[in-house]
Structure formats: C-alpha cells, structure tokens
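Reader: I would like to learn how to read helix packing and aromatic pairs in a model. Please take one feature at a time.

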Amino acid sequence: MKKVLLLFCVNFFLLSFSSFGQETTAMQQVITAHDEVMAKMPNLVQLINKLQPKVDSTKTGQKYQSAIDDLKASNSSMMTWMRGFGNRFTADEMLKGKKLSEEKQLWVDEEKKKIQAVCEKIDSSIRKAKELLKE
C-alpha cells in the first residue's frame with residue numbers, strides 16, 4: 001500500500017515538471033484527481049476522531065456511527081481504486097508518460113471516471129460528517 005502511495009506521489013511530482021507547457025494527458029488528469037483526493041484523506045481521519053466519542057446506543061449516537069462508517073467506506077474505496085489502478089498500468093506509463101495502447105487508453109478513461117466517483121463519495125461523507133458535528 002505504501003509503495004502504491006509513494007508511486008503516485010512520485011508520479012505527480014515528475015509529471016508536474018515534465019509536462020510544463022504541454023497538453024495534459026488523460027493519465028495526468030487521473031493522477032491529478034488522485035492527488036486532490038489524497039489531500040482530503042487526513043480530513044477523514046480527523047472527522048472520525050471527532051465523531052467517535054459521540055457514538056453510543058441512542059438514535060443520535062448511531063447517526064455518528066453511521067457517519068464514521070461512511071468515512072471509512074470512502075477511505076476503503078480510495079485504497080481499492082489505487083490498488084486496481086496500480087495493477088493496470090506500468091510505472092513507465094504512470095511516471096514517464098509512456099504511450100498507452102488503445103486498450104490502456106480506454107482503461108485510463110475508465111479510471112478517470114472511477115476516481116471522480118471516489119472523490120464524490122469522499123466529498124459526500126465529509127460533508128455529512130461536518131453537518132452532523134454542527135448539530
């Protein structure tokens with residue numbers, strides 16, 4: 001897991017410098033979306049830590065547990081996406097901009113949709129948790 005995360009971080013760094021002034025590729029768009037989602041991950045942990053003490057057996061307490069479950073599911077969906085993405089593409093394709101085959105170009109388009117869905121799920125769980133904490 002750490003290797004995949006490190007690979008994505010290194011990839012973003014290298015792509016940022018190597019693509020300066022060039023048109024953004026679908027792969028770069030996916031990596032950028034990944035990085036935006038990863039930036040939200042610490043917020044998930046903070047929200048879980050704020051919600052956890054409020055969990056109890058009451059109806060209100062169960063709302064907090066539900067919000068925690070949503071946050072954890074969002075985190076899990078991100079980890080699952082990263083594993084799947086890492087299994088589909090080589091380091092050269094991710095890190096060095098190696099040209100993708102037609103099949104892999106279709107895959108990267110699929111991955112773009114998947115990471116957008118993950119982002120929406122994370123944003124939704126964060127928004128719901130923050131609203132619940134305001135009550």
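Author: Helix 2 passes helix 5 in a left-handed crossing, meaning that the near helix is turned anticlockwise from the far one by less than a right angle (clockwise would be right-handed). The model is predicted: local features need pLDDT of at least 70 and side-chain atom pairs 80 or more, while totals for chains, interfaces and linings use all residues. Residues are numbered from 1 along each chain as its sequence is written, and side-chain values use heavy atoms, leaving out hydrogens and water.

Reader: At what angle do the axes of helix 2 and helix 5 cross?

Author: Two packed helices are described by the angle and the distance between their axes. Here the axes of helix 2 (residues 26-51) and helix 5 (residues 102-134) cross at roughly 25 degrees and come within 9 Å. Helix 2 and helix 5 are therefore roughly parallel (angles under 35 degrees).

Reader: How are the rings of Trp-81 and Phe-85 arranged?

Author: A pair of aromatic rings is described by the distance of the centres and the angle of the planes. Rings of Phe, Tyr and Trp (its six-membered ring) pair if their centres lie within 6.5 Å; planes under 30 degrees apart count as stacked, over 60 as edge-to-face and the rest as tilted. By this rule the count comes to three aromatic pairs. The rings of Trp-81 and Phe-85 have centres 4.8 Å apart and planes at 20 degrees, so the pair is stacked. For Phe-85 and Phe-89 the centres are 4.9 Å apart and the planes at 45 degrees, so that pair is tilted.

Reader: Which residues form the aromatic cluster?

Author: Trp-81, Phe-85, Phe-89 and Trp-107 form one cluster.

Methods:
Axes are lines fitted to C-alpha atoms, for helices over the stretch in contact, and angles run from 0 to 180 degrees between N-to-C directions. Helices (H or I, at least four residues) and strands (E, at least two) are DSSP runs, numbered from the N terminus. Angles under 35 degrees count as roughly parallel, over 145 as roughly antiparallel, 65 to 115 as roughly perpendicular and the rest as oblique.
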